[in-house]
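This report examines a protein model with the sequence and the coordinates at hand.

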Amino acid sequence: MTTRSNMPGAPETTPAVEPSQRSLVEDDRTGMDDASLRRAFLDHLSYSLGKNAGNSTELDRFFALALTVRDRLTYRWAQTQETYSRVDAKRVYYLSAEFLLGRALSNNLHALGLYDTSKSLLAGAGLELSDLLESEPEPGLGNGGLGRLAACFLDSMATLGYAGYGYGIRYEFGIFEQELKSGWQVEHPDEWLKFGNPWEFVRPEYSVKVGFGGRVEEGIDEKGEHVARWAPTQHVLGVPFDTPIAGFRNDTVNTLRLWQARADNEFDLKVFNDGDYVRAVEDKNASEVISKVLYPNDHNQAGRDLRLKQEYFFVACAIADIVRRYKKTHASFDAFAEKNAIQLNDTHPAIAVAELMRVLVDVERVPWDRAWEITVATLGYTNHTLLAEALEKWPVAMFERLLPRHLGIIYELNRRFVRSVMARFPGDEARVRRMSIIEEGSEKRVCMAHLAVAGSHAVNGVAALHTDLLKRDVLRDFAEMTPAKFSNKTNGVTPRRWLHQCNPRLSAVITEAIGPRWLTNLDELDKLAPLATDASFVEKIAAAKRANKADFAQYCLQHYRLRLDPDSLFDVQIKRLHEYKRQLLNALHVIRLYLDAKRNPDALATPRTVLFGAKAAPGYRVAKLVIKLINSIADVVNGDVDLGGRLRVAFLPNYRVSLAERIIPAADLSEQISTAGKEASGTGNMKLAMNGALTIGTLDGANIEIRDAVGADNFFLFGLTTDEVHDVQRTGYRPRAIYEKNERLKEVIDLIAGGFFSSEDPALFRPLTDSLLDHDTYLLFADFDAYVDCQRRVSEAFLDKTTWHSMATRNIAKVGPFSSDRTIREYAKEIWGAQPVKIELRATDRV
């Protein structure tokens, strides 16, 4: 099947088309009326796909509709880029190792205002739009919240009219497909490109040659200045693929440019003719592996090499592309920082500091001090984690082998940076060691977070608590030295996808009550607050939730043969599986609830359905064992006839964006139970609250701000605070002592350790229970009683449906601050210095 993915993308400038040059063909490519859309759909089915109504498949029809929509996006895309060039707009470049976009067709139809029209036209032909939407392959180019946040930010930049670009990697295989076999996670390749991708345009004319390895040749130029020339021994070609990112009904279409690695010399014909067929394609295979898989397992040296290569590859391509675009209209680099803002999404792209310096100093011959001023003024760094293992540190020996010139630049940057620290804090050698970009020790390492902080003019956390902890603990020395550099930018999510698109029932209820302006100004939802005591409105909210739950129950029956009671409490924990997120604490509560119900059926006066969705990193053995435990608990609980179906547990396989879009509208309770001080922000908490789920959570990440916004009475709080966690760990935490004194907890742990959930292997879950008894790193035992008691309050509250849905209404009304539009406005004003650009389709080009 042909998807026309080789067509050139939207040009950065497009000549005006005279009215006399237009034809019906162009009308069918750009027209928004019913007749044009119908003709375009049928033409693409016939001429782009070589099919007709009689022999086309569901996938064919999806592609035909996607290409019809893409034409209309491209029309706006070309004019958007032309406008940016004409007004010389400041451009914002968002560098991220992940972009978890989700399916695009529904989003683009909504953005263009064509969703209802397309649904009607297809229905007239006996087709269901929902069937076509389900046929779209889903790009899994992210692992969780980091990639989904990047996607929300692109949506908001386009909707608000900022000249935004995303840069990342076009992974051939995204996050793995998860299958559950006998309760164990099994990973399969995510072949999202198997049938092609109708949204992207390959742009080979903007390919970038990227080097690795080799040596650095240094000398003195004719002016007597030091020069360095990097001579790599390996070259890889970065080929860009562009995806249009549509703003919501504003004619703005921005660009996500993803880079695919290809060999500089793909095929050695002489070696092939000599009979060495494997060696003939050796370069091709070695090069293309760079963009093969999202986050390769780095438990071996080859995996670590590949991770660093991936990070440098897409950063080098992005910097080259940014410089190329800038030089088209500027003769010097004096205005580079005024016209470009580069935001580093976590530490993965931190090598951008050294790469931009290399390009400016070595290639463009900008003096070192001026190049450093430009670099710092251009770059901003967003930190997303408080976990030490996520703050990347690469061995100096790896850098020397793979990126020797960058290591030299980093050493020189560090020499100068350390001198500035010494001047600011004379005699404080311990501080100098802590702040150095090069970490001394048995193995020297490059601290990428330190490089990012030193090389950026702005550093931000992603929730108020997270930013405070960065300044107090993780990056304390840096914050004390340059406090003005640090700020908070609490994360947000796009309400277009995460309410309007995924929850049309609730969206309709809201729009009927307050009008549609909330779609681009989420603060409008505050107008719903007085309606939380309006019985008729609360009933509409309740009816929408009940219908969503019924739909999801039907989906589970069809796809998992799982029967769910839509009148039960849907208790949902959906997020990447990590010990600090404490899915295991949730599982312990399920066991406690099960044991209580076996003794007293009244313990389940509120029927409960506990839903998990998560993927564990392939090399994360503890997390995979937690998945097995949850599935084993589900087997026991769901098969116990004594419970009468009043408690059910399900681990939903292959959690992804499209599954989240089904679960979130149906959720009653949002589990946000990470150990206080470990979650940077979270965005699932925002999506769930936005859709009327009440939160049970700790004072961690953005939970604090959500609780402040919705009110303490509409949030189920439990657990130690960040300071209390610190005090417990400082004074000596003894989890075994808690276990021995707490009979409710002891009974649960003994049941797991004794093999009740693993009769075929009684010791199977001992690594989990032993770790809890000996270490309990994330304080599950310390929070267990508070969590169980809080869950009892949840069950009691759910019995009063009117009050529950009134609380849900207050949650919906108060989530305005958690729109990614608000976050992007703050970045634009306080970090990027960017202004929105209005796109007006030229009258001569209108159909």
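Predicted model: local features only at pLDDT ≥ 70, side-chain atom pairs only at ≥ 80, totals over all residues.

Strand S9 supplies the largest share of the lining of the largest cavity, namely four residues. Two or more lining residues come from each of helix H4 (105-112), helix H7 (145-160) and strand S9 (234-246).

Attention now turns to an open space. The second largest pocket holds about 1300 Å³ of space. It is lined by 44 residues, and Tyr115, Leu133, Gln501, Cys502 and Pro504 lie nearest its centre. Several helices give two or more residues to the lining of this pocket, among them H4, helix H5 (115-124), helix H6 (129-135) and helix H26 (657-666). Helix H21 (495-501), helix H22 (504-514) and helix H23 (535-560) also belong to this group of elements. The largest share of the pocket lining, seven residues, is given by H23. The lining residues of the second largest pocket comprise 15 nonpolar, 16 polar and 13 charged ones.

**Charged pairs**

How many salt bridges does the structure hold? The total is 66.

| Residue | Partner | Closest N and O atoms |
|---|---|---|
| Glutamate 217 | Arginine 229 | 2.7 Å |
| Glutamate 830 | Lysine 489 | 2.8 Å |
| Arginine 592 | Aspartate 596 | 2.9 Å |

Glutamate 217 forms a salt bridge with arginine 229. Because glutamate 217 belongs to strand S7 (residues 215-220) and arginine 229 to strand S8 (residues 226-231), the pair ties together parts that are 12 residues apart in sequence. Glutamate 217 has a relative accessible area of 30% and is therefore partly exposed. Arginine 229 is also partly exposed, with a relative accessible area of 48%.

Lysine 489 has a relative accessibility of 0% and so counts as buried.

Arginine 592 and aspartate 596, which form a salt bridge with each other, both lie in helix H24 (residues 583-599). They are four residues apart, about one turn of the helix. Arginine 592 counts as buried, because its relative accessibility is 2% and the limit for a buried residue is under 20%. Aspartate 596, with a relative accessible area of 24%, is partly exposed.

Salt bridges may also be linked to one another. A network of them joins Arg203, Glu205, Asp242, Arg257, Asp321, Arg324 and Arg325.

What is the nearest side chain of opposite charge to aspartate 190, a buried residue that has no salt bridge? It is that of lysine 615, which is 6.7 Å away. For comparison, a salt bridge requires the nitrogen and the carboxyl oxygen to be within 4 Å. Aspartate 190 is located in the loop between strand S4 (184-188) and strand S5 (201-202). A polar atom of the aspartate 190 side chain lies 3.4 Å from the backbone nitrogen of glycine 140.

**Backbone angles**

Most residues other than glycine have a negative phi. Which phi does serine 182 have? Although serine 182 is not a glycine, its phi is positive, at about 55°. Serine 182 is found in the loop between strand S3 (177-181) and S4. With a relative accessible area of 66%, serine 182 is exposed.

Tyrosine 295, likewise not a glycine, has a positive phi of about 50°. The loop that contains tyrosine 295 runs between helix H10 (282-288) and helix H11 (301-327).

Conventions: Residues numbered from 1 in each chain as written. Heavy atoms only, no water. 1 Å grid on protein atoms, 1.4 Å probe; cavity = no way out; pocket = protein on both sides within 12 Å on 5 of 7 lines; lining within 4 Å. Points joined across faces, edges and corners; volume = space filled by probe spheres on them. Nonpolar A, V, L, I, M, F, W, Y, C, P; charged D, E, K, R; others polar. Buried < 20%, exposed > 50% of the residue type's maximum accessible area, 1.4 Å probe, protein only. Lys, Arg positive; Asp, Glu negative; His and termini not counted. Polar contact = N/O pair within 3.5 Å; in protein donor to acceptor, adjacent residues only side chain to side chain.
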